[in-house]
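I opened a new structure today and kept notes as I went. The entries follow in the order of looking.

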Amino acid sequence: MTTDPNLDSPRTAVSNPPVQPMPANLGAGDVVRASAMPDLPAPERQLTKVAKLIDVSKCIGCKACQSACAEWNDTTPPIEHNVGVYENPSDLGPEMFTLMRFAEYENPETGNFEWLIRKDGCMHCEDPGCLKACPAPGAIVQYSNGIVDFIHENCIGCGYCISGCPFDIPRVSKVDHKSYKCTLCSDRVAVGQGPACAKACPTQAIVFGTKEDMITHANARVEDLKSRGYENAGIYDPAGVGGTHVFYVLQHADQPNLYSNLPEDPKISGVVQGWKGPTKTVGLAAIGLAAVGTLLHGLLGRANRVSAEDEVLAEELVETEQAQPQPREDV
Amino acid sequence: MTRRTQFSESGDHIETIDPVVVSRYRGFTRANHWVTAISLILLLLSGLAFFSPSLYFLTGLFGGGQTARWLHPIIGVVLFFSFLLLFVQLWRLNLPRPEDATWVGNIGELIRGEEEKLPELGKYNAGQKLIFWGMAGLIVVLIGSGIMIWEQYFPDLVSIPVRRVALLIHSIAAVLIILLFILHVYAAIWTRGTIRAMTRGSVTGGWAYKHHRKWLRELAERKPTDPAE
């Protein structure tokens with residue numbers, strides 16, 4: 001397998017990078033969707049859809065992917081305490097974009113103990129909830145190859161992406177107050193290299209290529225697993241978010257929650273849709289109407305004025321009351 | 001010194017008789033009101049920027065998105081405590097009274113400027129009471145939901161599903177409080193002679209007679225102030 005510089009994206013992560021100089025092949029012109037920018041012009045070209053496939057059945061839990069991720073992205077997850085679990089660090093963070101989650105499962109049918117190790121991280125949804133929720137123009141973009149990326153110079157650190165995400169992925173940094181997550185190594189993909197995690201994976205449990213190729217590969221893997229007795233093996237490429245550009249092969253695809261609570265049917269929450277949809281439209285319309293309505297009434301209507309007569313009556317009232325020696329009884 | 005104050009605060013008083021000028025808000029209350037008002041306006045500008053992409057440019061007033069995001073909840077806390085102070089001073093005379101129903105029933109006459117059918121009122125009419133209780137209720141909702149979505153200091157206070165609901169509630173409550181704010185400002189402008197109650201602190205006798213006669217009457221019933229005082 002080679003990487004052809006004439007291709008619009010790498011077809012694999014394992015080959016060596018191209019030796020010819022290569023301009024970045026992924027830029028602002030390839031953005032199909034950007035947060036808080038509803039009138040974005042359509043890109044002039046359509047890149048081939050890419051995907052990273054994570055075959056959980058082949059994962060040995062070595063964490064080479066985590067190391068490669070931290071190395072490529074130059075992140076330094078803080079050193080934590082050993083609390084007797086294999087996850088390290090304990091959670092995704094602004095300095096750790098991917099995390100091996102270890103689940104121990106006793107299969108009631110076979111009586112076997114199974115270690116279900118899932119590499120957690122951004123799924124690169126076709127319909128990204130983070131992008132929908134984000135209020136900062138251009139802070140979250142989606143490229144035509146399917147990669148969802150955070151543009152940190154535009155991020156304001158509000159954390160709305162956390163509420164928008166159906167997978168609980170983004171983390172806001174306490175240092176620079178910007179949100180971080182897996183980039184699908186967009187900077188590597190732009191120059192013909194696959195993601196660092198896929199490159200480092202010793203069992204090729206993580207592979208990278210076009211979405212089409214990855215689906216074909218995943219189907220073959222599912223077939224293989226089924227022949228080995230995993231009759232519920234399948235692909236996790238959830239339709240509720242339009243499919244994802246990071247997807248899994250699971251031994252037990254009928255029970256994704258076994259894999260450290262991978263959601264059964266992830267989709268952008270109806271609450272988020274309602275907040276970003278009707279609430280915004282109706283709310284702004286109501287505010288606009290109220291502002292214009294009062295302005296027009298103020299300009300064209302008659303003001304409520306106090307007459308000179310009222311002033312005279314007030315004076316009479318005050319003088320009458322104060323002339324009385326004692327306060328009146330309660331009315 | 002105990003005074004019968006069913007329709008007025010003990011500090012309200014008639015300043016002069018010819019012409020009648022009535023003191024409505026002391027300096028402290030006015031300053032308190034303006035701190036609250038400025039906070040609300042700043043919150044409205046920064047909040048609207050996060051509410052709609054078309055208004056995101058408003059973050060420029062605060063020095064950019066990051067600063068606006070940082071400042072918004074802090075001003076929210078200032079507003080909460082400022083309003084709390086205002087609430088303590090104003091709640092008693094804003095309690096509903098029977099004449100409020102009559103006033104609401106004849107709201108049409110008020111807008112047409114035929115106020116003969118309207119009942120005599122104490123310091124506040126039902127509209128002002130609606131603003132007061134509406135603001136109070138919405139501010140409680142906004143500070144509660146606001147803390148739940150305050151990423152910088154309370155990132156793990158509530159679960160993500162709860163946070164989504166808090167975001168929705170916060171934005172709906174914000175729209176409602178902006179509507180109340182517009183109503184409040186416009187009512188104060190439309191009813192001429194009102195603004196000076198919050199600037200100079202006093203209103204004319206005619207204004208008090210026309211809009212809050214029971215309040216004026218109660219103040220007039222008090223022993224006149226010794227001119228030497």
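I am working on a predicted model, where local features need pLDDT of at least 70, side-chain atom pairs count only at pLDDT 80 or more, and totals for chains, interfaces and linings use all residues. Residues are numbered from 1 along each chain as its sequence is written, with chains lettered from A and ligands numbered from 1 in the order in which they are written.

**Entry: I140(A) and the cores**

I looked up what I140(A) touches. Leaving out residues up to four places away in sequence, I found S35(A), C130(A), L131(A), C134(A), V148(A), F150(A) and C161(A). I then turned to nonpolar cores, sets of buried Ala, Val, Leu, Ile, Met, Phe, Trp, Tyr and Cys residues joined through C-beta atoms within 7 Å. Buried means 20 or more other C-beta atoms within 10 Å of a residue's own; 12 or fewer is exposed, and in between is partly exposed. The largest core has 108 residues, and C134(A) and I140(A) have the most contacts inside it. Helix α6 of chain B, residues 160-190, gives the most to this core, with ten residues. Another core lies apart from it and has 17 residues, including V306(A), F7(B), Y209(B) and W215(B).

**Entry: where the chains meet**

I counted 48 residues of chain A in contact with 48 of chain B. On the chain A side, α3 (160-164), α7 (270-276), α8 (278-300) and α9 (308-323) each supply at least two residues. That side divides into 25 nonpolar, 13 polar and ten charged residues. Here Ala, Val, Leu, Ile, Met, Phe, Trp, Tyr, Cys and Pro count as nonpolar, Asp, Glu, Lys and Arg as charged, and the others, Gly among them, as polar.

**Entry: chain B overall**

I listed nine helices and three strands in chain B. Helices (H or I, at least four residues) and strands (E, at least two) are DSSP runs, numbered from the N terminus. From that end the order is β-β-α-α-α-α-α-α-α-β-α-α. The C-alpha trace of chain B spans about 60 × 40 × 30 Å along its principal axes. Of its 229 residues, 37% count as buried.

**Entry: α1(B) and its partners**

How do α1(B) and α2(B) cross? The axes of α1(B) (residues 27-51) and α2(B) (residues 65-90) come within 8 Å and cross at roughly 150 degrees. I note that this makes the two helices α1(B) and α2(B) roughly antiparallel. Axes are lines fitted to C-alpha atoms, for helices over the stretch in contact, and angles run from 0 to 180 degrees between N-to-C directions. Under 35 degrees is roughly parallel, over 145 roughly antiparallel, 65 to 115 roughly perpendicular, and the rest oblique.

I then took α1(B) against α6(B). Their axes are 11 Å apart, at an angle of about 135 degrees. The pair α1(B) and α6(B) is therefore oblique. L40(B), L44(B), G47(B) and F51(B) of α1(B) meet S171(B), A174(B), I178(B) and F181(B) of α6(B). By class, the contact of α1(B) with α6(B) has six nonpolar, two polar and no charged residues.

**Entry: A101(B)**

Is A101(B) buried or exposed? A101(B) has 12 C-beta neighbours inside 10 Å, so I count this residue as exposed. I placed A101(B) in helix α3 of chain B, residues 98-105. From A101(B) to P119(B) is 18 residues in sequence and 9.6 Å in space, C-alpha to C-alpha.

Technical notes. Two residues are in contact if their C-beta atoms, placed from the backbone, lie within 7 Å.
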